[in-house]
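Student: I've got a model open and I'd like to talk through how its parts pack together. Can you walk me through it?

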Amino acid sequence: MKMSDYIAEALYAQGVRQVYELVGGMITHLVDSIHRNGKLQLVSVHHEQAAAFAAEAAARMTGVPGVALATSGPGATNLLTGIGSCYFDSTPAVFITGQVNRDELRGDRPIRQLGFQETDIVTMAKPITKAAMQAGSAAELPHLLAEAFRLAVSGRPGPVLLDIPMDLQRADITAPLPARIVPDAGPEVQPAAVSALLHDLSRAERPLILVGGGVRSAQAVDLLREFVDAAHVPVVNSLMGVDVLPFSHPLRVGLIGSYGNRWANLALGRADFLLVLGSRLDIRQTGADTEAFRQGRTIYHVDCDQGEINNRVLGSRALVADLKPFLRAALAEARTAALPERVEWESEIAELR
């Protein structure tokens with residue numbers, strides 16, 4: 001099988017149904033194979049940045065890594081803004097760039113480029129990807145493609161870039177198609193930590209849940225809604241969590257932060273218990289005085305990325321876990337804990353609104 005034909009089949013095997021691209025010389029084999037394959041919809045755009053953002057949007061809606069193609073040089077560099085967006089907003093995506101033939105790579109030569117539009121996109125993309133790789137042989141390409149999808153969806157989701165020289169795209173290969181990638185298992189949820197959280201929540205008089213974009217990245221929106229209803233806790237949200245609860249939900253308070261709702265910020269200031277789910281507590285949420293933000297309340301911070309916990313706001317009680325298994329455990333305990341409804345607190349928030 002021709003390598004570009006293999007890649008088309010492998011993308012379909014991973015659940016991809018659309019591929020976004022702007023055609024260029026170094027991806028002609030890929031574009032042709034995807035078109036001839038017939039299982040994938042090839043979506044041609046007018047600029048590679050549009051392809052990158054379209055892939056990001058598709059991934060946000062489906063949870064399946066978005067895929068965008070770009071040719072070497074300016075085509076590849078035009079993807080970078082969309083790649084960065086995926087990286088900072090934890091969106092799974094696989095970006096495939098075409099590259100000049102391997103014998104046209106400059107290697108260690110003291111020149112700027114050898115092949116036409118040869119550009120070291122791997123080095124450029126590394127700071128804003130979970131991994132950026134260039135295929136060096138036909139034999140390793142199936143593994144690299146599977147690894148790209150595994151990395152994109154495991155742990156904190158994000159983008160991966162795979163750079164494929166032109167001669168490898170047209171090489172022959174005999175290899176089985178990769179099975180659908182299952183994300184790596186995250187840290188095990190500790191029952192004792194969940195019990196301690198629910199115990200402190202039951203004693204709080206003015207609790208709030210702060211929901212961030214991590215809830216949707218974890219595909220845990222439905223579980224979050226069930227937990228909120230079972231725990232009877234009002235919810236504020238970051239900008240990335242704006243659509244996690246329906247606008248009309250009785251426990252939805254609103255957007256916090258620099259551009260947030262005044263009443264939501266006042267409620268946050270009065271809360272004595274804060275459960276942070278998949279939000280990084282950045283300066284536009286907390287303000288610059290993190291000590292003032294922390295004082296007078298118990299903060300539990302749940303995130304799959306340990307580096308985001310106690311990064312700015314110190315003293316938070318850390319639960320390093322994927323949000324989906326955490327919410328399953330918290331929901332099961334909330335349903336048996338008979339947590340109180342706080343009518344006075346909800347009325348206070350309504351009055352602030």
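Student: Which residues have the most contacts inside the largest nonpolar core?
Tutor: Quick caveat: this is a predicted model, where local features need pLDDT of at least 70 and side-chain atom pairs count only at pLDDT 80 or more, while totals for chains, interfaces and linings use all residues. Residues are numbered from 1 along each chain as its sequence is written, and side-chain values use heavy atoms, with hydrogens and water left out. A nonpolar core is a set of buried (under 20% relative accessible area, 1.4 Å probe, protein chains only) Ala, Val, Leu, Ile, Met, Phe, Trp, Tyr and Cys residues joined through side-chain atoms within 4.5 Å. The largest one has 36 residues, and those with the most contacts inside it are I209, V215, L224, L275, L277 and F326.

Student: Which element gives the largest share of this core?
Tutor: Helices (H or I, at least four residues) and strands (E, at least two) are DSSP runs, numbered from the N terminus. Elements giving two or more residues to this core include α9 (191-203), β7 (207-211), α11 (221-231) and α15 (323-337). The largest share, 7 residues, comes from α11.

Student: What does V215 touch?
Tutor: Contact here means heavy atoms within 4.5 Å. Leaving out residues up to four places away in sequence, V215 touches A220, V221, L224, V244, L277 and L323.

Student: In what order do the 6 strands of the open sheet come?
Tutor: Two strands pair if DSSP finds at least two bridges between them; β7 and β8 (residues 235-237), for instance, are joined by 3. The pairing in the sheet is parallel, and β9 (252-255) and β12 (317-320) are the edge strands, each pairing on one side only. The order is β9-β8-β7-β10-β11-β12.

Student: At what angle does α11 run to β7?
Tutor: Axes are lines fitted to C-alpha atoms, for helices over the stretch in contact, and angles run from 0 to 180 degrees between N-to-C directions. α11 lies across β7, β8 and β10. Its angle to β7 is about 175°.

Student: How do the axes of α12 and α16 cross?
Tutor: Two packed helices are described by the angle between their axes and the distance between the axes. For α12 (residues 262-270) and α16 (residues 343-352), the axes come within 9 Å. W263, L266, A267 and R270 of α12 meet W345, E348, I349 and L352 of α16. The crossing angle is roughly 145°.

Conventions. Buried < 20%, exposed > 50% of the residue type's maximum accessible area, 1.4 Å probe, protein only.
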